[in-house]
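Hello,

Here is the structure I promised to hand over. Please look through it first; my notes follow below.

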Amino acid sequence: MAYLHSGASSISLLFGFLVVWQARLSIFAVADELEVGGNDLCGTDLSTFLPPPYSNMSNIICSPVWNTFTLRYTRNKDNVLTIILSAVYTTGWVGIGFSRDGTMVGSSAMVGWFNKEGHAKIKQYYLQGTKTTQVIPNKGELPLTNIPSAVALHGATMYMAFQIKPETPLTHQPILLAFGSAYPVHNRLSHHDDKTTILFDFSAGSVSAGSNGILELKKNHGILGIVGWGLFLPCGAIVARYFRHKDPLWFYLHISIQFVGFIFGLATVVAGRQLYNKIHANVPTHRGIGIFILTLSILQVLAFFLRPNHEAKIRKYWNWYHHWVGRIALFFGALNIVLGIQIGNAGNSWKISYGFLLGAVLITVFALEALLFMRKSEKVDENPAFQMNPVI
């Protein structure tokens, strides 16, 4: 029996080794296939379908940047940058935007498509806002040269080519990439099906290593703000207002929840500052409100340590100060979350998630406020202002 057990163990180990080895071979095969595919994309002969000067460019730098998007470019001694963006195309439009700070608003973009009749179109757009009506055709700040832009379809891939001559050579440039499946109507673009922001290094010809870090930092900044200012701090305020009859439990819950919320709020500001240092986002209103509510939060913490005792005459004024500063901070915190979601073009999932959270908080407040009013009314009924002694 021992021999049988040993043999079975050896067979099991051998079988496990073969499975692992086969998996490793499969992984390497997929990696090799992806690498060959990327080389095939960059090795396409542009002279067979693009007009001059895009068809006879020399010293082309080619880099896959996102999904099926590939960016080719070359720069001459006069700082003229010739760019060719390619992507798999079926219907709709494909676009590339140039941003100052990694955000959509205020950027300029080149968008190409084929209409239902098969005619090629390419236009510059100014991204004035996040709504489709604020994406304005035939406007923008890209310094296009006199060479006409071009769009071509080669197989299942669309190629969009244009030239710009920036005042200073582009190095680390925030690039917006997006596509939509609906045809533009009267040059008006539909909402994008998907989009991303990358940091492209035109000096090295590659997507900067910091691109994913910037996107992750933006996401973390938003999550920290929603958790801190959208969840913990409102919950701490709710405990302080509606659960005072659970003394002293309400007090310890209040300070504990508010402390956690303050830490999340502080982390939100730190992440926002790091994000600003990386992309220098021009969002003065969002930054200003963030600094304002951080200041109010610090004042609330200081007020906790400086609160007078219950018998002090100024305790009444301290309570007014503490309550109203907290309410103002919560209002501007919610406002800044909405503003941040809008500025960051975060998408419907963020709007729905925060809308659901805010709605739950407001419904809870309305319900507890009604219960508090009823409880106070019952106390008034039990203790009338004065009583008439019966005449005997």
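Which helix gives the most to the nonpolar patch? Helix α4 (residues 284-305) does, with 5 residues. Helices here are DSSP runs of H or I, at least four residues, and strands are runs of E, at least two, numbered from the N terminus.

Some ground rules. This is a predicted model, where local features need pLDDT of at least 70 and side-chain atom pairs count only at pLDDT 80 or more, while totals for chains, interfaces and linings use all residues. Residues are numbered from 1 along each chain as its sequence is written, and side-chain values use heavy atoms, with hydrogens and water left out.

**The patch.** I298, L299, V301, L302, F305, L306 and Y321 form it on the surface, with about 660 Å² of accessible area together. Patch residues have over 30% relative accessible area and no salt bridge, and nonpolar side chains (Val, Leu, Ile, Met, Phe, Trp, Tyr) are joined within 5 Å. Areas come from the Shrake-Rupley method with a 1.4 Å probe. L306 sits in the loop between α4 and α5 (315-343). L306 counts as exposed because its relative accessibility is 67%; the cut-off is over 50%, with buried under 20% and partly exposed in between.

**Helix α5.** Its buried residues are R315, W318, H322, V325, G326, A329, G333, A334, N336, I337 and I341.

**D201.** This residue is in strand β11 (residues 194-201). D201 is buried yet has no salt bridge, meaning a side-chain nitrogen of Lys or Arg within 4 Å of a carboxyl oxygen of Asp or Glu. The nearest side chain of opposite charge, R75, is 7.1 Å away.

Best regards

How values were computed:
Buried means under 20% relative accessible area, exposed over 50%, partly exposed in between (1.4 Å probe, protein chains only). Lys and Arg count as positive and Asp and Glu as negative; His and the chain ends are not counted. Patches are made of residues with over 30% relative accessible area and no salt bridge: like charges are joined within 9 Å, nonpolar side chains (Val, Leu, Ile, Met, Phe, Trp, Tyr) within 5 Å.
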